[in-house]
Amino acid sequence: MRMHSLVIFASGAGSNAAAIIDWCRTSGMARVSLIVCNKPGAGVIDIAAREGIPVLMIEKGSLQQPETIDAIRAHQPSLVILAGYLWKIPATLTDAFPGRIVNIHPSLLPAYGGKGMYGGNVHTAVIAAREHESGITIHYVNEHYDEGDIIVQARCPVTSNDTPATLAARIHRLEHFFFPRTIEFLLMGL
Ligand code: GRF
C-alpha cells in the first residue's frame with residue numbers, strides 16, 4: 001500500500017490536525033509531512049513539535065511566492081488539508097494542487113458560510129437564528145472560499161439551551177470523527 005503524504009494548513013488550536021495525525025498513526029495509510037501556519041503561538045505548532053512534524057510559517061502574500069509553493073510541493077502531498085486556516089487561498093495554490101485541496105467548515109454550507117463566518121461567529125449566528133440543526137461541511141477548495149464542491153456533510157441537533165461553546169464542542173466531535181474518515185475515503189480513490 002502506498003504511503004500518502006498530507007500537508008495540513010492550520011492556524012488554531014489544531015484539534016482537527018491532531019485527529020488526522022492520530023488517524024495516520026492507526027491507519028498506516030498516510031503521514032502528515034508538513035504543517036503550514038500563519039499564526040505565531042497557535043496551538044497547532046505545539047502539536048507539530050510534539051509529533052516531530054515540520055512547520056512552515058507563512059505571512060500575508062507568502063502563498064503568492066513560487067518558493068512557498070515549491071516548499072509545499074517538495075512534500076508531494078496527495079491532499080492539502082485546510083483545518084482551521086482562515087486566509088483566502090490564492091489561485092497560485094489551487095492551480096498548483098487542482099482538485100487536491102480540502103477544507104472543513106463548521107456549518108451546513110451554503111448556510112453560514114462566506115466572509116466573516118468562521119469559528120464562534122458561525123455558532124453564534126446559528127443560535128441567533130434559532131436553527132434546530134447545524135453540522136459540518138467538508139468540501140473541495142476553489143478560488144471562491146466556501147464554494148467548492150461538497151464532499152460530505154454531517155448533521156447534529158441544536159438545542160434550545162445551546163451556547164456557542166456547547167454547540168462548538170458538539171461540532172468538534174463531528175469534525176474529529178468525519179474529517180479523518182473522509183480523508184481516508186478520498187485517498188482510497190487516488
Ligand atoms: C474547526 O471548527 C473548523 O471547522 C474550522 O476551524 C476550526 C478549527 O479548530 N475551519 P481546530 O484548530 O482544529 O481545533
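The largest pocket is lined by 32 residues, and Gly 84, Tyr 85, Leu 86, Tyr 118 and Gly 119 lie nearest its centre. The model is a predicted one, in which local features need pLDDT of at least 70 and side-chain atom pairs count only at pLDDT 80 or more, while totals for chains, interfaces and linings use all residues. Residues are numbered from 1 along each chain as its sequence is written, and side-chain values use heavy atoms, with hydrogens and water left out.

What counts as a pocket here? On a 1 Å grid over the protein atoms alone, a pocket is an open set of points where a 1.4 Å probe fits, with protein on both sides within 12 Å along at least five of seven lines; lining residues have an atom within 4 Å of a point. The volume of the largest pocket comes to about 860 Å³ (the space filled by probe spheres set on the points, which are joined across faces, edges and corners). Two or more lining residues come from each of H1, S5, helix H5 (119–128) and H6, with the largest share, 4 residues, supplied by H6. Helices (H or I, at least four residues) and strands (E, at least two) are DSSP runs, numbered from the N terminus. By type, the lining splits into 12 nonpolar, 15 polar and 5 charged residues (Ala, Val, Leu, Ile, Met, Phe, Trp, Tyr, Cys and Pro are nonpolar; Asp, Glu, Lys and Arg are charged; the others, Gly among them, are polar).

So where does the ligand sit? It sits in the largest pocket, meaning that more than half of its atoms lie within 2 Å of the grid points. Helix H1 (15–27), strand S5 (101–105) and helix H6 (164–188) each give two or more residues to the shell around the ligand. Among the surrounding residues are Ser 15, Asn 16, Ile 104, His 105 and His 172 (near means a heavy atom within 4 Å). The shell holds 3 nonpolar, 7 polar and 1 charged residues.

Polar contacts (pairs of N or O atoms within 3.5 Å) can be picked out too. For Glu 175, a side-chain N or O atom is 2.3 Å from a ligand oxygen.

Conventions: Polar contact = N/O pair within 3.5 Å; in protein donor to acceptor, adjacent residues only side chain to side chain.
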